[in-house]
Amino acid sequence: MAPRARGASGTLSRDALTVLQPGFTGTAPPDWLLRRVGEGLGAVGLFARNIAAPEQLTALTARLRAEREDLLVAVDEEGGDVTRLEARTGSSFPGNLALGVVDDPDLTRAVARELGRRLAACGVDLDWAPCADVNSDPDNPVVGVRSFGADPELVSRHTAAYVEGVQSAGVAACAKHFPGHGDTNVDSHLALPRIDVEPDTLYARELAPFRAAVAAGSKSVMSAHILLPALDPDRPATLSPRILTGLLRRELGHEGLIVTDGMQMRAVASAYGIERGSVLAIAAGADAVCVGGDPADERTVLGLRDALVEAVRTGELPEERLADAAARVRALASWTRAHRAGGAGSGPGAAVQEGTAPGPGIGLAAARRALRVTPGKEPYAPPRPAPYVASFVPGSNTAVGGATPWGVGAELERLLPGTRTGTHGPDAAAGDVLREAGGRRVVAVVRDAHRHPWMAEALDGLLAARPDTVVVEMGLDHAPPRGALHIATHGAARVCGIAAAEVVAGA
């Protein structure tokens, strides 16, 4: 016999709203969102479309909490290439790969603490970060520089440091994408990736950073929409009781929140739909449903609420499971509320070693330390007159988006007035770049040149004609260094561009 529900306006409906983490459009909360927050909506997810400036974000979060103080306000702020706070300008912090290259956990902890401090100051208390994936496939189209690296031990120690740092600022961390999205060549925003490796490999490689995150006390973990036949041949991780409840909850001992990746992503939505997928995710052991991308409207929220309520009524979703999920959301909200009331600055990761103390300049200092500069055969001299910057632009990473500026052109213009910049896409040819450059020295800026044959071909032609070309790689540094000077930034954050421009200009 199916359990008796308590009505769409009662506790069951409130629990269903509590486990949702939806988004919305605009820089101020719409009336429908405020109404649902008052009815029990557990969290709101913010993206670049919602953030114009720190003062505006602070006002937005204050307006949300005027409806209910214990609301979780989440944001997808990794720093580096994936930034929502600074989507219009580029991030003040280098991303994970740059921090992994430096390999100073105290620095990673301090960077995460400063990022967490800025989030907390704006009223954000849940960060869907860090990316704990081991990027073992250099052709991975969606992780790449978002990962600390390809070595499980390195990724583990920096994942733990990041968790400690951001949580010492009173902001809950969310290690992602469990059980590991690194060994894939498919973007789960677009299709369902599959990892075909033996369990021993998964345990030694993919799971190591998540063990470290759990041991560091990560308040939440985000599931991945990936199929791992060695763990569950039938369902992707987000929908798998074996993976979420059996592996993450029981075996790894994670007691905090389990959050799904965006349920609108095609890896799940194409096969199950958003509503059906969300029911299966909660039944599998997830506690919160992220549906922050598109759609982002009231209809979606009500559809998810009603789907969860109906699943309880039919007996497909045990009422106790939904109640447990909602309780975990409220427990996290209590933790973040206590930190807001008491102020941040204590707890694991609060203390840092001299030279890594958090502050406004720590992001640029970290980006400078992450540079790897390889000189050419001849002694390097900065360009005089001002150079031409040729930016070779690949298709945008879905997680990063295409709106955030990147490169070195703007920073070189500041250091070398008169610098010109041109953008070149997949139809680029060396001759086109040379015509645009005229007699100026060329600074070629690339991103994951090893993954894009057209980019490598254009660069070959350019270097053959102009050996004095400077090459700046702002993605994974897997292609052999070349050019009069080769600079690997290990990410495309604004501070990475500043650091590279300083070297090019001889500043």
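Start by selecting Asp-103, which counts as partly exposed with a relative accessibility of 30%. You're looking at a predicted model, by the way. Asp-103 sits in the loop that runs between helix 4 (96-102) and helix 5 (105-121). Check its backbone while you're there: phi is near 55°, a positive value, and this residue is not a glycine.

You'll find His-490 in the loop between strand 14 (485-488) and helix 18 (494-505). Is His-490 buried or exposed? It counts as buried, because its relative accessibility is 7% and the cut-off for buried is under 20%.

Now for a pair of helices. Select helix 2 (residues 31-39) together with helix 3 (residues 54-67). Their axes come within 8 Å and cross at roughly 45°. That angle makes helix 2 oblique to helix 3. Sorted by class, the contact has four nonpolar residues, two charged ones and no polar ones.

Zoom in on Phe-178 and Pro-179, which are joined by a cis peptide bond with omega at about 5°. Pro-179 is in the loop between strand 5 (174-178) and helix 7 (199-206). Then hop over to Arg-384 and Pro-385, where the peptide bond is cis as well, with omega near 5°. And where is Pro-385? Look in the loop between strand 9 (372-375) and strand 10 (388-392).

Helix 8 is your next stop, at residues 208-215. How many of its eight residues are buried? Six of them are, so the helix is mostly covered. To see the buried ones, select Ala-208, Pro-209, Phe-210, Ala-212, Ala-213 and Val-214. What covers them includes helix 6 (152-168), strand 5, helix 7 and strand 6 (220-223), so colour those in too. Just after helix 8, stop at Gly-217, which takes a positive phi of about 90°.

Finish with the cysteines. A disulfide is a covalent bond between the sulfur atoms of two cysteines. How many disulfides does this model have? The count comes to zero, taking a pair of sulfur atoms within 2.5 Å as the rule. Select Cys-174 to see one case: its nearest cysteine sulfur belongs to Cys-290 and is 8.8 Å away, so Cys-174 is in no disulfide. Cys-174 is buried, with a relative accessible area of 0%.

Terms used
Residues numbered from 1 in each chain as written. Predicted model: local features only at pLDDT ≥ 70, side-chain atom pairs only at ≥ 80, totals over all residues. Heavy atoms only, no water. Buried < 20%, exposed > 50% of the residue type's maximum accessible area, 1.4 Å probe, protein only. Axes fitted to C-alpha atoms, helices over the stretch in contact; angles between N-to-C directions. Helix = DSSP H or I, 4+ residues; strand = E, 2+ residues; numbered from the N terminus. Parallel < 35°, antiparallel > 145°, perpendicular 65-115°, else oblique. Nonpolar A, V, L, I, M, F, W, Y, C, P; charged D, E, K, R; others polar. Contact = heavy atoms within 4.5 Å.
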